[in-house]
Amino acid sequence: MTEESVYGTLLVSGMIVVSGGYGATSWETFLSVLGTVIVFWAAHVYAGTVASHGVTQGDEITLGAAFRHALQRSVGFFTSALAPLVVLLIGALRITPDAVVMWVALWLGVVILGALGYIAFTQRGSSWRIRILGTLGTAALGVAMILLKVLIH
């Protein structure tokens with residue numbers, strides 16, 4: 001559970017919305033999302049490495065240590081895209097129609113965001129009521145993406 005996993009989920013959902021708005025197929029959307037995630041992930045690792053490399057609070061951080069830390073921190077960004085990419089691949093392989101796949105991938109983003117919210121509030125030791133509110137609050141970002149898709153069409 002990191003900000004990168006939330007950001008990755010929002011990025012993927014946004015890409016699906018935009019691709020759907022242009023009438024892209026599941027295959028085109030899959031390739032677009034995969035390429036974008038790889039580029040943004042690499043940029044995130046690079047930025048994290050540069051930002052962490054140097055001297056922090058009197059401790060010198062080597063380039064290798066900064067790179068490993070950036071890689072570890074950015075795992076959530078990359079893994080948050082895997083489930084929606086699998087769904088898009090199912091459509092790309094013509095197992096399920098494109099329209100169904102796009103909607104399933106978007107709703108999967110809502111579920112992932114909700115789960116990330118639940119995890120975050122659980123880690124804070126919040127009561128079950130706050131966990132549920134946190135789940136609904138983070139899932140609402142995914143619902144906003146779906147509403148955006150409806151508006152684009």
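A salt bridge, for today, is a side-chain nitrogen of Lys or Arg within 4 Å of a carboxyl oxygen of Asp or Glu. Keep that rule in mind. With it, Glu3, Glu4 and Arg73 come out linked in a network of salt bridges. I'll build up to that network. One caution before I start: this is a predicted model.

Let's take the overall fold. The protein chain has six helices and two strands. What order do they come in along the sequence? The pattern reads α-α-β-β-α-α-α-α. So much for the order.

Next, dimensions. Along the principal axes, the C-alpha atoms of the protein chain fill a box of roughly 55 × 40 × 25 Å. The protein chain has 153 residues, and 37% of them count as buried. Now contacts. Take those in the protein chain with a separation of 6 or more: 71% of them are between residues 24 or more positions apart.

The accessible surface of the protein chain comes to about 8,700 Å². Carbon and sulfur atoms hold 71% of that surface.

Which residues make the nonpolar surface patch? They are Met1, Tyr118, Ile119, Trp128, Ile130, Ile132, Leu133 and Leu136. Together they cover about 800 Å². Two elements give two or more residues to this patch: α5, residues 98-123, and α6, residues 128-152. Helix α6 has the largest share, with five residues.

Look at Trp128 for a moment. This residue is in helix α6. Is Trp128 buried or exposed? Its relative accessible area is 58%, and the cut-off for exposed is over 50%, so Trp128 counts as exposed.

Now charges. The protein chain carries 7 positive and 6 negative side chains. The centres of the two sets lie 14 Å apart.

How many salt bridges does our rule give? The count is three.

Start with Glu3 and Arg73. Their closest N and O atoms are 3.2 Å apart. This pair links distant parts of the chain. Glu3 is in helix α1, residues 3-21, and Arg73 is in helix α3, residues 63-79.

Then Glu4 and Arg73. Their side chains also meet in a salt bridge, at 3.2 Å, N to O. Again the pair links distant parts of the chain, helix α1 to helix α3, with Glu4 and Arg73 69 residues apart. Arg73 is in both of these bridges, and that gives the network of Glu3, Glu4 and Arg73 I opened with.

How accessible are the members of the network? Glu3 has 55% relative accessibility, so it counts as exposed. Glu4 has 3% relative accessibility, and because buried means under 20%, Glu4 counts as buried. Arg73 has a relative accessible area of 35%, so Arg73 is partly exposed.

The remaining bridge is Asp98 with Arg94. Here the closest N and O atoms are 3.0 Å apart. Arg94 has 55% relative accessibility, so Arg94 counts as exposed.

To recap. There is a nonpolar patch, with its largest share from α6. There is a network of salt bridges, Glu3, Glu4 and Arg73. And there is the bridge of Asp98 and Arg94. That's the tour. Over to you for questions.

Technical notes. Residues are numbered from 1 along each chain as its sequence is written. This is a predicted model: local features need pLDDT of at least 70, side-chain atom pairs count only at pLDDT 80 or more; totals for chains, interfaces and linings use all residues. Side-chain values use heavy atoms; hydrogens and water are left out. Helices (H or I, at least four residues) and strands (E, at least two) are DSSP runs, numbered from the N terminus. Buried means under 20% relative accessible area, exposed over 50%, partly exposed in between (1.4 Å probe, protein chains only). Contact means heavy atoms within 4.5 Å. Accessible areas come from the Shrake-Rupley method with a 1.4 Å probe; for residues, only the protein chains shown count as cover. Lys and Arg count as positive and Asp and Glu as negative; His and the chain ends are not counted. The place of a charge is taken as NZ of Lys, CZ of Arg, CG of Asp or CD of Glu. Patches are made of residues with over 30% relative accessible area and no salt bridge: like charges are joined within 9 Å, nonpolar side chains (Val, Leu, Ile, Met, Phe, Trp, Tyr) within 5 Å.
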